Amino acid sequence: MAQASIKVGIIGAGNNTRVRHIPGLQAIDGVEIVSVCNRSRESSQRVADQFHIPKVYEDWRELMAAGDTNAIVIGTWPYMHAELSCAALAAGKHVMCEARMAMNAAEAHTMLNKSRQHANLVAQIVPSPFTLRVDQTIKDLIAEGYLGELYSLVVRGVAPEFANPDAPIHWRQQKRLSGYNILNMGIWYEATMRWVGQATRVFAQTRVAVKQRRDPDTGAMIEVDVPDHVDITTELPGGGQGTYNFSAVSGLGPAPGAWLFGSKGTLHFDQPSNKLFGGKAGQKELQEIAIPPEKAGKWRVEEEFVNAMRGLEKITHTNFEDGVKYMEFTEAVHRSAESGRAVALPLVEFHA
């Protein structure tokens with residue numbers, strides 16, 4: 001495979017697929033995008049014309065069955081991720097699936113099990129991009145004892161906006177399309193897993209601020225059943241506590257970012273500036289921490305996918321195993337909010 005050409009089919013050409021995946025793949029030697037299937041023939045054709053993709057399909061099954069591809073990129077909404085990923089693997093094709101991995105933990109485990117049945121094929125979930133630049137530096141500082149004992153992790157994934165009841169409904173606000181995924185919760189949790197590992201216990205409370213929104217296609221009012229505000233408390237593997245706040249209705253709220261508080265030091269990742277700050281006990285304020293060029297991560301999703309198919313590296317951002325972990329967290333948040341009780345991780349029924 002190292003020298004073979006890679007022929008890619010696109011199913012679901014959403015924004016991230018058009019902005020990142022298609023240009024990224026087309027920039028790699030020996031990679032050709034040969035087909036696309038979007039939600040309609042018209043939208044498929046627009047994408048094909050924009051990116052000079054030769055074939056347009058109206059049915060994703062025909063694209064999947066065609067013998068002119070050996071890799072599939074899935075850019076649909078989460079409700080189709082499990083079905084399409086499993087179909088691609090069953091067809092003997094490598095798969096890159098857009099985040100959020102699936103609707104729920106059961107679907108994510110189905111995807112993982114199917115990938116293990118086809119271990120010769122590459123299976124990748126598009127990774128959380130927020131913290132790529134600083135991840136390695138944060139992990140190294142923790143390992144070197146910069147924080148001392150980790151007391152707490154605080155994450156704010158807040159869009160500082162007021163609720164707008166007149167805005168049309170979005171697919172991310174409907175469980176039938178998005179599953180248990182809430183706002184950017186899974187993306188942030190995936191990032192913090194890189195630093196401190198998987199939470200061991202979750203307690204969550206959620207709120208839907210605007211109960212109904214108008215469907216822009218039909219004009220009908222539709223129930224909003226995905227929360228637009230969630231507060232989560234977790235237990236961390238080493239005994240520390242994690243607190244997560246995600247909101248789309250916190251007008252003039254604080255900027256998104258993450259803080260790690262320890263017995264000897266503090267680290268803060270500021271998302272808007274993409275910078276890392278730190279301070280030690282005895283200092284008066286945080287100072288920016290320089291990220292050495294050799295440690296600065298960056299977006300290389302398409303390159304990693306192609307290299308993995310060519311046997312040059314393994315998928316790290318993100319493999320199905322890590323995707324399952326953040327989907328178990330996502331489901332634990334849902335179960336806790338529904339029941340009013342804490343939920344242990346990993347979810348026991350999947351690890352008996």
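Me: Which residues lie nearest the centre of the second largest pocket, and how many line it?

Reply: Rolling a probe the size of a water molecule over the atoms shows where empty space is left. On a 1 Å grid over the protein atoms alone, a pocket is an open set of points with protein on both sides within 12 Å along at least five of seven lines, and lining residues have an atom within 4 Å of a point. Here 23 residues line the second largest pocket, and those nearest its centre are Leu 132, Asp 135, Arg 194, Thr 316 and His 317. Helix 6 (135-143), helix 8 (185-196), helix 9 and helix 10 each give two or more residues to this lining. Helices (H or I, at least four residues) and strands (E, at least two) are DSSP runs, numbered from the N terminus.

Me: On what kind of model do these values rest, and with which conventions?

Reply: This is a predicted model, in which local features need pLDDT of at least 70 and side-chain atom pairs count only at pLDDT 80 or more, while totals for chains, interfaces and linings use all residues. Residues are numbered from 1 along each chain as its sequence is written, and side-chain values use heavy atoms, with hydrogens and water left out.

Me: How much space lies in the second largest pocket, and how do the residues of its lining divide?

Reply: A volume is the space filled by probe spheres set on the grid points, which are joined across faces, edges and corners. For the second largest pocket this comes to about 440 Å³. Its lining has five nonpolar, seven polar and eleven charged residues. In this division, Ala, Val, Leu, Ile, Met, Phe, Trp, Tyr, Cys and Pro count as nonpolar, Asp, Glu, Lys and Arg as charged, and the others, Gly among them, as polar.

Me: Which peptide bonds are cis?

Reply: Most residues other than glycine have a negative phi, and most peptide bonds are trans. His 317 and Thr 318 are joined by a cis bond with omega about 0°. Thr 318 belongs to the loop between helix 9 (301-309) and helix 10 (320-339). Another cis bond runs from Leu 345 to Pro 346, with omega near -5°; Pro 346 is in the segment after strand 17 (343-344).

Me: What is the phi of Leu 252, and what is that of Asn 274?

Reply: Leu 252 has a positive phi near 60°, and it is placed in the loop between strand 12 and strand 13 (257-262). For Asn 274, phi is likewise positive, near 60°; this residue is in the loop between strand 14 (265-270) and strand 15 (275-280). Accessibility is read from relative accessible area: buried means under 20%, exposed over 50%, and partly exposed in between (1.4 Å probe, protein chains only). Leu 252 is exposed because its relative accessibility is 74%, whereas Asn 274, at 29%, is partly exposed.

Me: How does the span of helix 10 agree with expectation, and what caps its N-terminal end?

Reply: The expected span of a helix is 1.5 Å times one less than its number of residues. Helix 10 has 20 residues and should therefore span 28 Å, which agrees with the 28 Å between its end C-alpha atoms. At its N-terminal end the cap is Asn 319, with a side-chain oxygen 3.2 Å from the backbone nitrogen of Glu 321. That pair is read as a polar contact (N or O atoms within 3.5 Å; within protein, one must be able to donate a hydrogen and the other to accept it, and residues adjacent in sequence count only if both atoms are side-chain atoms). After helix 10 comes Gly 340, with a positive phi near 75°.

Me: What is the order of the strands in the open sheet, and which stand at the edges?

Reply: Two strands pair if DSSP finds at least two bridges between them. The open sheet has nine strands in the order 16-15-14-13-7-12-11-8-17, with mixed pairing. Strand 16 (287-288) and strand 17 are at the edges; each has a single partner strand, so one side of each is left without a neighbour in the sheet.

Me: In which sense does strand 7 pair with strand 12, and in which with strand 13?

Reply: Strand 7 (residues 150-158) is parallel to strand 12, over seven bridges; Leu 153 is opposite Gly 242 there. With strand 13, strand 7 runs antiparallel, joined by six bridges, and Leu 150 faces Gly 262.

Me: What do strand 11 and strand 12 form?

Reply: These two strands form a hairpin with five residues between them, and Gly 239 in the turn has a positive phi of about 105°.

Definitions and conventions. On a 1 Å grid over the protein atoms alone, a cavity is a set of points where a 1.4 Å probe fits but cannot get out, and a pocket is an open set with protein on both sides within 12 Å along at least five of seven lines; lining residues have an atom within 4 Å of a point.
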